[in-house]
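Please walk through this fold in questions and answers.

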Amino acid sequence: PSPGRRYALRVTERTLVLVKPDGVERKLVGEVISRIERKGLDIVAMDLRTVERDLAAQHYAEHDGKPFFSSLLEFITSGPVLAAVVEGPRAIAAWRQVAGGTDPVEKATPGSIRGDLALETGSNLVHGSDSPESADREIKLWFPSL
Ligand code: UDP
């Protein structure tokens, strides 16, 4: 590159997005898809499905043994979820910004999905992978054919 000229390094990432059973139940799927699209992220795969306990346990394996683990599995298997693979530059961080922090009141800021639309950590509407390694693992788990 010539001196003084800066080239943005654009690394495209993929992340796993879930609209959890509370979000589907509350008919917020359209709202979530709209926010993904308005942010400028691409949806590369999408599927509405009911989660088997085995998939739920693998998905949340890092929380195995924590006090909320069993209620988390109960919750995520309690009804259909929308699973999607979302792509774009810095998609992992971008989606976590759009989703908001885990606790919808203490951490999620207004303007985020959780900050605007959720009240409780145990029913915080959406999921997003938290690192490139998690994203790889979760996308393989949910969309093995991708
Ligand atoms: N969770 C909960 N109680 C807690 C912490 C987490 O019910 O004290 C649930 C919550 O639904 C959260 C999920 O477990 O979204 C996974 O937790 P994590 O820390 O990975 O948060 P996230 O990445 O979803 O923001």
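## Sheet, ligand shell and loops

Q: What is the strand order in the open sheet of 4 strands?
A: The model is predicted, so local features need pLDDT of at least 70 and side-chain atom pairs count only at pLDDT 80 or more, while totals for chains, interfaces and linings use all residues. Residues are numbered from 1 along each chain as its sequence is written. Strands are DSSP runs of E with at least two residues, helices are runs of H or I with at least four, and both are numbered from the N terminus; two strands pair if DSSP finds at least two bridges between them. With antiparallel pairing, the order in this open sheet is β2-β3-β1-β4.

Q: Which strands stand at the edges?
A: Each edge strand has a single partner, so one side of it is left without a neighbour in the sheet. The twist from one strand to the next averages 20 degrees. The edge strands are β2 (42–49) and β4 (126–128).

Q: Which residue in β4 stands opposite L18?
A: β1 covers residues 12–19 and pairs with β4 in the antiparallel sense, over 3 bridges. Opposite L18 stands H127.

Q: At what angle does helix α2 run to β1?
A: Helix α2 (residues 29–39) lies across β1, β2, β3 (81–89) and β4. Axes are lines fitted to C-alpha atoms, for helices over the stretch in contact, and angles run from 0 to 180 degrees between N-to-C directions. Contact needs C-beta atoms, placed from the backbone, within 7 Å. The angle to β1 is about 165 degrees.

Q: What pattern does the protein follow along the sequence?
A: There are 7 helices and 4 strands. Read along the sequence, they give β-α-α-β-α-α-β-α-α-β-α.

Q: What is the radius of gyration of the protein?
A: The globule rule is 2.2 Å times the number of residues to the power 0.38, and the radius is taken over C-alpha atoms. For 146 residues, a compact globule would come near 15 Å. The protein agrees with that, at 16 Å.

Q: Which residues are around the ligand?
A: A residue counts as near if its C-beta atom, placed from the backbone, lies within 6 Å of the molecule. By class, the shell has 2 nonpolar, 5 polar and 1 charged residues. Nonpolar means Ala, Val, Leu, Ile, Met, Phe, Trp, Tyr, Cys and Pro; charged means Asp, Glu, Lys and Arg; the others, Gly among them, are polar. The residues are F68, L72, T102, T121, G122, N124, H127 and D130.

Q: Is D22 buried or exposed?
A: D22 is found in helix α1 (residues 21–25). Leaving aside neighbours within four places in sequence, D22 is in contact with S123 and L125. A residue is buried if 20 or more other C-beta atoms, placed from the backbone, lie within 10 Å of its own, exposed if 12 or fewer, and partly exposed in between. With 21 such neighbours, D22 is buried.

Q: What is the phi of L125 near?
A: L125 is in the loop between α6 (113–117) and β4, and is buried, with 26 other C-beta atoms within 10 Å. Most residues other than glycine have a negative phi. L125 has a positive value, near 75 degrees.

Q: Is K27 buried or exposed?
A: K27 lies in the loop between α1 and α2. K27 has a positive phi of about 60 degrees although it is not a glycine. With 8 C-beta neighbours inside 10 Å, K27 is exposed.

Note on methods
Contact = placed C-beta atoms within 7 Å.
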